[in-house]
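I am opening my notebook on this structure.

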Amino acid sequence: MRTVTFSDGGMVKLLGDKFVCAWVNRRPDLKFKDGLYPKEWRPRGLANGAAVTNITSVFAAPDGTVIHAMPGYLDVAGFKRHFEFAHALQAQLYDPAVKREDRAGLYAKAHLKAAKEAKDDNEAEAHRLLAERFMRVDELKFGFFDGLGNVFR
Amino acid sequence: MTVNKITWISMVLVSLALVSAARQENHPCNCHPREVGASGSRNDWDGYRKGGITWHYSIDEALKLAKDEKKLVFWYHVAGDLDKEGC
């Protein structure tokens, strides 16, 4: 993510214009062995060829509501796609015409629709997991996506 | 420089290149070695460092700023020694 997505000029501008960015390491004590990963280990991948491992991109509203989250390395196109999904969903949920009590239902519906449209099984599964839980950032534990093969905990 | 010294240095350089290649091959994120930093080195974060993203190291702090600036929060949620090496 750092060498590719976060180094892309367009992404940097997008993140700066639309987001406040937080880097939070939940397990700084976890040390990778030399060579980073066991040779025999092959993580499950996302459609862009990226792995579901020890990072998750989380998009949240200013009130702390998780709008979207996707585990694994996202290239520029993948990150942009998920950003656009999160941005559109946030606009929908926080439309003044939408009642606060209706937000959870709209959130679940949007994620289930995205799960059906996803071309990648892991991505679809991530959307399904999110659809089941309308939550705040402090409720999103690092093990949330373990079913997708997130082995680093 | 003697022939022995040249041979020895060549062997060291070849070994380092082989170790580097093996490490890249083992890396699972697939941004290496297909898509690496501008200089082609996996540990070169120049593009990232010059990127200009302002990171905050607390979610609460980011949420407070997001409210003030009417922005969303992007939380890069990581585990492990990613400050040292990673993607």
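How many helices and strands are there in chain A? I looked and found four helices and three strands in chain A. Helices (H or I, at least four residues) and strands (E, at least two) are DSSP runs, numbered from the N terminus. Along the sequence, chain A reads α-β-β-β-α-α-α.

**Ground rules.** I note that this is a predicted model, where local features need pLDDT of at least 70, side-chain atom pairs count only at pLDDT 80 or more, and totals for chains, interfaces and linings use all residues. Residues are numbered from 1 along each chain as its sequence is written, while chains are lettered from A and ligands numbered from 1 in the order in which they are written. The model scores ipTM 0.82 and pTM 0.73.

**Chain A, overall.** I checked burial next. Chain A has 153 residues, and 41% of them count as buried (20 or more other C-beta atoms within 10 Å of a residue's own; 12 or fewer is exposed, in between is partly exposed; C-beta atoms are placed from the backbone). I then took the contacts in chain A (C-beta atoms, placed from the backbone, within 7 Å). Among those between residues at least 6 apart in sequence, 51% join residues at least 24 apart.

**Two helices of chain A.** I looked up H2(A) (residues 76-93) and H3(A) (residues 103-117). Their axes come within 10 Å and cross at roughly 155°. Axes are lines fitted to C-alpha atoms, for helices over the stretch in contact, and angles run from 0 to 180 degrees between N-to-C directions. So H2(A) is roughly antiparallel to H3(A) (over 145 degrees). From H2(A), Phe85(A), Leu89(A), Gln92(A) and Leu93(A) make the contact. From H3(A), I listed Arg103(A), Leu106(A), Tyr107(A), Ala110(A) and Ala114(A).

**Confidence in chain B.** Here I read the pLDDT (the predictor's confidence in each residue, from 0 to 100). Its mean over chain B is 65, and 48% of the residues reach 70 or more. Over residues 22-47 of chain B, pLDDT stays under 50. Where pLDDT is low, the predicted coordinates should not be read in detail.

**One residue of chain B.** Lys70(B) sits in the loop between H3 and strand E2 (72-79) of chain B. Its phi is positive, about 55°, although Lys70(B) is not a glycine. Most residues other than glycine have a negative phi. Is Lys70(B) buried or exposed? I count Lys70(B) as exposed, because it has 7 C-beta neighbours inside 10 Å.

Methods. Angles under 35 degrees count as roughly parallel, over 145 as roughly antiparallel, 65 to 115 as roughly perpendicular and the rest as oblique. Two residues are in contact if their C-beta atoms, placed from the backbone, lie within 7 Å.
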